[in-house]
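Colleague: I have a model open and some questions about it. Can we go through it briskly?

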Amino acid sequence: MVSEQSLIHLQHSVKSKPQKQVCKTVLKHFDAQYSEELGEQWRGARDVLLNPLSWQYGVLLNRFSDLTNLKQCLTELGYTNLLPQKHPESQSQDAHIPLQCFIHQDPVRIPTQSHHPGWLKQYYLLNAASLLPVLCLNVKEGENVLDLCAAPGGKSLAILQTATPGLLHCNEVDQHRHDWLLKTLESYVPPTLRDLLCVTHMDGRSIGTMRPGAYDKVLVDAPCSNDRSWLYTPDTHQGEMWLKERTQLPLLQKELLCSALAAVRPGGVVVYSTCTMSQAENQSVVEAVLASYQGVELLELEQHLIDSLSEQFCFAHFHSSVGWSLPLSGSLAQEMNYYLSEGEEKKRKGGARDWQRKSVLSKDRTESIAGLRNGPRLVEKTLK
Ligand SMILES: C[S@@+](CC[C@H](N)C(=O)[O-])C[C@H]1O[C@@H](n2cnc3c(N)ncnc32)[C@H](O)[C@@H]1O
């Protein structure tokens, strides 16, 4: 268990950590690409990427563990809860407790907890922006959910903090990361709930064909060129390799998204997210899939979500005439999210297309978390 003393100790030690080295090859590439794609907004995004001290780590609490003293410790250290603790639409006192993620205005990071068999970890560290796709997925009790690209499991855990699904299918293609995913789930999920988990080691591109229409919700947290880790690769040669591999990602991303659309039931929701600002891996992927996949539409973000996150995130709209708008600002976590849905009615009629590009979500924190600015984009898929 975490003691207040150890938290304070780590708070101090984090501040004295040495700065990471930027890979100049990657930065040069970003300068060329993003100044063209993001225009003036690249300047802010660049500042954020180049200042690791402005990166914020969220502390996602594990509702299945013993949280005695933890919330009080975090509060005394200056952490606050990212989300209101009651669903704004709910009048019921028995409403499900929403996920709890604590954030700090300063660039501090508490320690990770070690794995102990038979003991459940109390929290998971992640960038708060990583929760956006999960919040938008809005899983309800008893729903069947597929996390198509799940390792190391942060978003699967977050899903379990928001609701208890009937089934949570977590898939990961990479053997090592699949093992990591299993370990994550073992460290956070009580044995009594493990029956609702299904963990597979498959290429996500085949799941849509294998399990068509089987899920209410599907999350595609796609493999992407992750701007932040890429920029800090210690090895120039590795940086150059990633540059080459990057061009192949959009095809894989489109195939994963199509698989997700095949796997979701009529009326279900697919969320597509990445942690890059690259247009090729975000709006171009979604637009290409929308253009080739019938009966899918983009939906507005729910107003209560916008309201509850408006202090930490800044929301913008797409320009429908020109497609996707640019993020409002640079992004720290670069979580870009797309929500896609398909109308049952449309499907039955043979799929008249009615694409709407509606919302862009941009995260924008100022001052002490300067640059915790994020430009996630949202598109929803509804099936009525
Ligand atoms: C952005 S990471 C997922 C992070 C995870 N959702 C989380 O929150 O912890 C993308 C993952 O997709 C996996 N992946 C890559 N290609 C895949 C494929 N064809 N099918 C399934 N997973 C794949 C990668 O190995 C990687 O673990």
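What follows is a short exchange on the overall fold, the ligand site and the packing.

Colleague: How many helices and strands does the protein chain have?
Modeller: Keep in mind that this is a predicted model. The chain has 384 residues, and 45% of them count as buried. Its secondary structure comprises 14 helices and 15 strands.

Colleague: What share of the contacts with a separation of 6 or more joins residues 24 or more positions apart?
Modeller: Take the contacts in the protein chain with a separation of 6 or more. Those between residues 24 or more positions apart make up 82%.

Colleague: Which residues come nearest to the ligand?
Modeller: The shell around the ligand has seven nonpolar, four polar and seven charged residues. The UniProt annotation "binding site", from an unreviewed entry, includes Cys149, Gly154, Lys155 and Asp221. Of the 18 residues around the ligand, the nearest are Cys149, Gly154, Lys155, Gly204 and Asp221.

Colleague: Is Lys155 buried or exposed?
Modeller: Lys155 sits in helix 6, residues 154–162. Its contacts beyond four places in sequence are Ser130, Pro133, Val134, Asp147, Leu219 and Asp221. The cut-off for burial is 20 or more C-beta neighbours within 10 Å. Lys155 has 22 inside 10 Å, so it counts as buried.

Colleague: Why does Asp221 count as buried?
Modeller: Asp221 belongs to strand 8, residues 215–221. Leaving aside neighbours within four places in sequence, Asp221 touches Pro133, Cys149, Lys155 and Ser273. Asp221 counts as buried because its C-beta neighbours inside 10 Å number 24.

Colleague: At what angle do helix 2 and helix 10 pack?
Modeller: Two numbers describe a packed helix pair: the angle between the axes and the distance between them. For helix 2 (residues 24–38) and helix 10 (residues 236–246), the axes are 8 Å apart and the angle is about 35°.

Colleague: Which residues of helix 2 and helix 10 make the contact?
Modeller: By class, the contact has two nonpolar, four polar and one charged residues. Helix 2 supplies Thr25, Val26 and His29, while helix 10 supplies Thr236, Gly239, Glu240 and Leu243.

Colleague: Which are the edge strands of the open sheet of four strands?
Modeller: The sheet has the order 2-3-1-4, with antiparallel pairing. An edge strand pairs on one side only. That gives strand 2 (80–81) and strand 4 (123–126).

Colleague: Which residue in strand 4 stands opposite Leu60?
Modeller: Strand 1, residues 58–61, pairs with strand 4 in the antiparallel sense over four bridges. The residue opposite Leu60 is Tyr124.

How values were computed: Residues numbered from 1 in each chain as written. Predicted model: local features only at pLDDT ≥ 70, side-chain atom pairs only at ≥ 80, totals over all residues. UniProt positions renumbered as here; feature names shortened; annotations may be inferred. Helix = DSSP H or I, 4+ residues; strand = E, 2+ residues; numbered from the N terminus. Buried ≥ 20, exposed ≤ 12 C-beta atoms within 10 Å, placed from the backbone. Contact = placed C-beta atoms within 7 Å. Near = placed C-beta within 6 Å. Nonpolar A, V, L, I, M, F, W, Y, C, P; charged D, E, K, R; others polar. Axes fitted to C-alpha atoms, helices over the stretch in contact; angles between N-to-C directions. Pairing = 2+ DSSP bridges.
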